Amino acid sequence: MPRPVEYAVVLLRTELSVLWFTLPMFGLGVFLMNAVSSVVLGLALTCGSVLLSFRLGRGKPRRTIRVPGKLTIDATRVALNGATIATRRSLRGGILATSADDLIVRLTRAFPLGSIAVEVRSEADGQAVLRALGFGTTQRTARFRLGSMAAIRKIPLSAALAFWGFAMIFVAERTLSAPGLPQPSDLRLLVAWVLALAAWLALYFTSTSFVVGADGIQVRWLWTRRFLGYAEIRGVGFDGLKLAKTGVIVELARGPALRFPVRAVLGAGYAEDEASSVVARVRDALTLFRGQARADEVRLPDRGERPIAEWLQALRSAGNEGAVDHRTAPIATESLWHLAEDPGAEKTARAAAAVALGARLDAAGKTRLRFAAEATAAPDLRGVLEASAEEADDEHLCRALARLKRG
């Protein structure tokens, strides 16, 4: 059982009293929209209630309860002063961030359970808590949901919503206030405006997936995907975006910096805290990456022009000490491990080492390789590591190797 760590728990309770005002306002707007003569007023009340919920609900929690105590972590639960505050199965991730000069370990739990904020005395205690839970930087990736990339474009959200709102009111008034039954062309126009607004809102509020691993950062928004290895990242910091209020900036060794808006949770207002968490995790991973010794060169069979199935068999033969003849020096198992676990090595080399290890893995080795996969952000390499740890069949491994990109 890990050493108990003393810390003060900070439970963040969101102030949602604004909903007592906006929800009846929304219901009244929907009711008035049913009357043809009150379409404009109904739409105004409905849109106004939604905007007020977003605007007023973004404030920070007003009530914070601090409960000091001793944290105990075992195989099944996390307890404070002997009382269970979370089960290990419910935990999904953990990060260490700085909030108002305090060190906070924030643990996320499965939906619909909320997160748990733990204030620790030092960074060493915070890292110890994360490692005990299996959420250390070298143990598992940290997954963040940032704001939509559309938030840093040229059109502010408030101006765009105002335009769409007036357009919808105009179209609805023209369609439903005309004498007689609405014409099919008018109804089609109304439906087109509704669908266009829905599509625009979906684009604007589609979050960006930001996965921080031991090897780099995987970014995904809509159909765009990009992996940033730490070798090409110069630094990370906060970005005061003109439109998105708060953001994260990633400085690259080559090319322009990348900016990412931070999504503020409705009713929580965690934009600044979320940005702090992202920056802290990336900086910690960068420090570990730059301070880690690189693996020695290991000569494994290159794929070249050969089919993937043939390359797979060659890698397995190279990793099988019993298959090595008297003219070929066997590859030390620990050398293969160093290469497979080195976040700075090329993805192809790490994947090849993992496949070669497949012939030598025992139960402990499978667990070790699975941990390396969980700490890897590159999805193609992660797939090969997981397949090797699971001793997948040749067809599964060939598919994983075929998806592997060079680099």
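Start with Arg-77 and Asp-74, which form a salt bridge with their closest N and O atoms 3.7 Å apart. By salt bridge I mean a side-chain nitrogen of Lys or Arg within 4 Å of a carboxyl oxygen of Asp or Glu. Arg-77 counts as partly exposed because its relative accessibility is 28%; the classes are buried under 20% relative accessible area, exposed over 50%, and partly exposed in between, with a 1.4 Å probe and protein chains only.

Before going on, the source: this is a predicted model, where local features need pLDDT of at least 70, side-chain atom pairs count only at pLDDT 80 or more, and totals for chains, interfaces and linings use all residues. Residues are numbered from 1 along each chain as its sequence is written, and side-chain values use heavy atoms, with hydrogens and water left out.

How many salt bridges does the structure hold? There are eight. Another one pairs Arg-140 with Glu-374, at 3.9 Å between the closest N and O atoms. That pair links distant parts of the chain, 234 residues apart: Arg-140 sits in the loop between α3 (123-133) and β8 (142-146), and Glu-374 in helix α10 (residues 363-374). Helices here are DSSP runs of H or I with at least four residues, strands are runs of E with at least two, and both are numbered from the N terminus. Arg-140, at 27% relative accessibility, is partly exposed.

Arg-382 and Glu-386 meet in a salt bridge at 3.2 Å, N to O. Both are in helix α11 (residues 379-389), four residues apart, which is about one turn of the helix. Is Arg-382 buried or exposed? Arg-382 is buried, at 17% relative accessible area, while Glu-386 is partly exposed at 31%.

Now the helix pair. The axes of α8 (residues 333-341) and α9 (residues 347-357) come within 8 Å and cross at roughly 140°. Axes are lines fitted to C-alpha atoms, for helices over the stretch in contact, and angles run from 0 to 180 degrees between N-to-C directions. The two helices are therefore oblique to each other: under 35 degrees is roughly parallel, over 145 roughly antiparallel, 65 to 115 roughly perpendicular, and the rest oblique.

Last, the surface. Trp-223 lies in the loop between β10 (216-221) and β11 (224-229). With 71% relative accessibility, Trp-223 counts as exposed.
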